[in-house]
Amino acid sequence: MFAERSKAIHDWAAKCPAKWKGKQPTFDESAAEMREFLGLGLLRHTSLRDEPEWFFEAHRAVALSEHNLGMGFWTRLTVQFNLFAGTVLAVGGDEQVAQLDAMQEKQQLGCFGLTEKFAGVSSGLIVETLAEYDRASRQFVLRTPSEGAKKNWISQGFVADKSVVIADLMIDGKSRGPHAFLIDFRTIVDGKKQLVSGITLDDMGPKTAANSLDNAWIHFDDVRVPETALLNRYATIDAEGNYVTKQAGMFTMGMIGQRLFTGRVGVAQVATLFGKRLFAHTKAYTDNKQFNGPKGMRPPLSMLPQVMSLFSKAEAAFDYCERYNALVEAELCDCLRKGKLPPPRLTDAIATAKVRSVETCVTLCFKLKQTVGAYALMEHSMFGLLDNMHVAKCAEGESCILMAKMAGDRMKAGDVPNSGEEEQKLVAELRQSSLTAESDKAFYLAELVMDRLMQQYLGQPIPKGVGRTFADDFHLSRL
């Protein structure tokens, strides 16, 4: 269905390595690459709404071509089309959504200002950045009230032209909760592009992976933005300067959360693709690497029992995760087309896709690294790219945070159809204590919830190799 456009992405990416002469691109070079990709028009800022299936397929096509594009380009892609443009689609009014087409024609880049220093992937979602409404000027004033409220790890912050900033909306001293604002991040002054006055930022520093992707911390010092900056599909400021909600039961932050759901499915898929690629790449080596066998035989390394067993487990595990992710994606795409929030069961299924796919990839790939000896130290072996899976583990909700939420939601849910005896027993025990005091049991409960969901979606037992985050703690390893 999307073969022609996917091929166009692969063909375009294949032309990129010559630009970098064997080196990773710089921030500016990688950003120029993204601007060029925007100009191709193969993926639109509105694709997430209009063609959600193509949105995910395009992300897979880029993931398969990232060795040509520079490590970090996939993250740049999902920031641009999912977090930035996707948020405008989710909570922006018609005029604001229309800006996305104009941005694409101008090849303008965006960033997504949500995460803060004291509210990162391991500490939950808290927004302390303020957007105070000034009635006299009918403007919002963005302010970073403390060191901990600095926006942190903001991908594409060093190159973005515009930003979606999530801030606590304050009107007459009263908080209206986190809202999204579409702002100019850089402007042209005397022919040169520079940061909007009041915005300061700096680099988060060199990383062990994806250094072609810029990550910035950002501080707002009384940055004034127009009233029209408030993404206003569900809430706005009326002619008298009063805060007005447009649709009962629809909350801006809930719709912003849609981007985390789409991002989690995308991360799950790229983790599975990476794992399959690494195993295929390594198998090509082990198929041709001989060892001294019995009676003078020199069979390939692939025939060693431990190698054969690991390749067999990995094939079954990645196939299982891939099929599960496809079913979850299809269900999510239906919600995206209808503009609906995913129901609780799908929310848990999405979190399961992300956690299990990443943990399966990390566990199996690390085990493979220990199995193939010194070959794993070679730069061309791909094992040096494993830190990208740490990026995947942290992105769009860190595994343990997602599992803790799943456990808490399961305890509130009461009776759940087809939940097993062990799951029901754990729920009863935890209700008598607390998630904090019994954290090991809470994470175990999340593992059981994820087991149940995967088996319900696929109607098949989970094969050995599908990783559990706390396997060693509970003696539940399938490896």
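Begin by selecting Cys 361, which is buried at a relative accessibility of 0%. The model on display is a predicted one.

Next, select Cys 111 together with Cys 394. How far is the sulfur of Cys 111 from the closest cysteine sulfur? The distance to the sulfur of Cys 394 is 20 Å, which is too far for a bond. Cys 111 is itself buried, with a relative accessible area of 0%. For the structure, the count of disulfides is zero.

**Helix H10**

Display helix H10, which covers residues 344-371, and select Thr 347 within it. Is Thr 347 buried or exposed? Its relative accessible area is 16%, so Thr 347 falls under the 20% limit and counts as buried. Now show the neighbours of Thr 347: leaving aside residues up to four places away in sequence, Thr 347 touches Phe 261 and Pro 342.

**Aromatic rings**

Phe 37 belongs to helix H3 (residues 27-40) and Phe 73 to helix H6 (residues 73-91), so that the pair links distant parts of the chain, 36 residues apart. Phe 37 is buried at 0% relative accessibility, and Phe 73 is likewise buried, with a relative accessible area of 0%.

Move on to Phe 140 and Phe 181, which also form an edge-to-face pair, at 5.1 Å centre to centre and 65 degrees between the planes. Colour strand S3 (residues 139-143), which holds Phe 140, and strand S6 (residues 174-184), which holds Phe 181; the pair therefore ties together parts that are 41 residues apart in sequence. Both members are buried: Phe 140 has a relative accessible area of 0%, and Phe 181 has a relative accessibility of 0%.

**Charges over rings**

Select Arg 5 and Trp 54. The charged end of Arg 5 sits over the ring of Trp 54, at 4.5 Å from the ring centre. Then select Lys 150 and Trp 217. Lys 150 lies over the face of Trp 217, with 3.8 Å to the ring centre.

**The three-stranded sheet**

For the last stop, show strands S4, S10 and S9 as a cartoon. In what order do the strands of this open sheet run? The order is S4-S10-S9, and the pairing is antiparallel. Strand S4 (151-155) and strand S9 (199-203) are the edge strands, each pairing on one side only. From one strand to the next, the twist averages 35 degrees.

Finally, zoom in on S4 and strand S10 (residues 215-220), which run antiparallel and are joined by three bridges. Select Ile 154 and look across to S10, where its bridge partner is Ala 216.

How values were computed:
Residues are numbered from 1 along each chain as its sequence is written. This is a predicted model: local features need pLDDT of at least 70, side-chain atom pairs count only at pLDDT 80 or more; totals for chains, interfaces and linings use all residues. Side-chain values use heavy atoms; hydrogens and water are left out. A disulfide is a pair of cysteine sulfur atoms within 2.5 Å. Buried means under 20% relative accessible area, exposed over 50%, partly exposed in between (1.4 Å probe, protein chains only). Helices (H or I, at least four residues) and strands (E, at least two) are DSSP runs, numbered from the N terminus. Contact means heavy atoms within 4.5 Å. Rings of Phe, Tyr and Trp (its six-membered ring) pair if their centres lie within 6.5 Å; planes under 30 degrees apart count as stacked, over 60 as edge-to-face and the rest as tilted. A charge sits over a ring if NZ of Lys or CZ of Arg is within 6 Å of the ring centre and within 35 degrees of the ring normal. Two strands pair if DSSP finds at least two bridges between them. Axes are lines fitted to C-alpha atoms, for helices over the stretch in contact, and angles run from 0 to 180 degrees between N-to-C directions.
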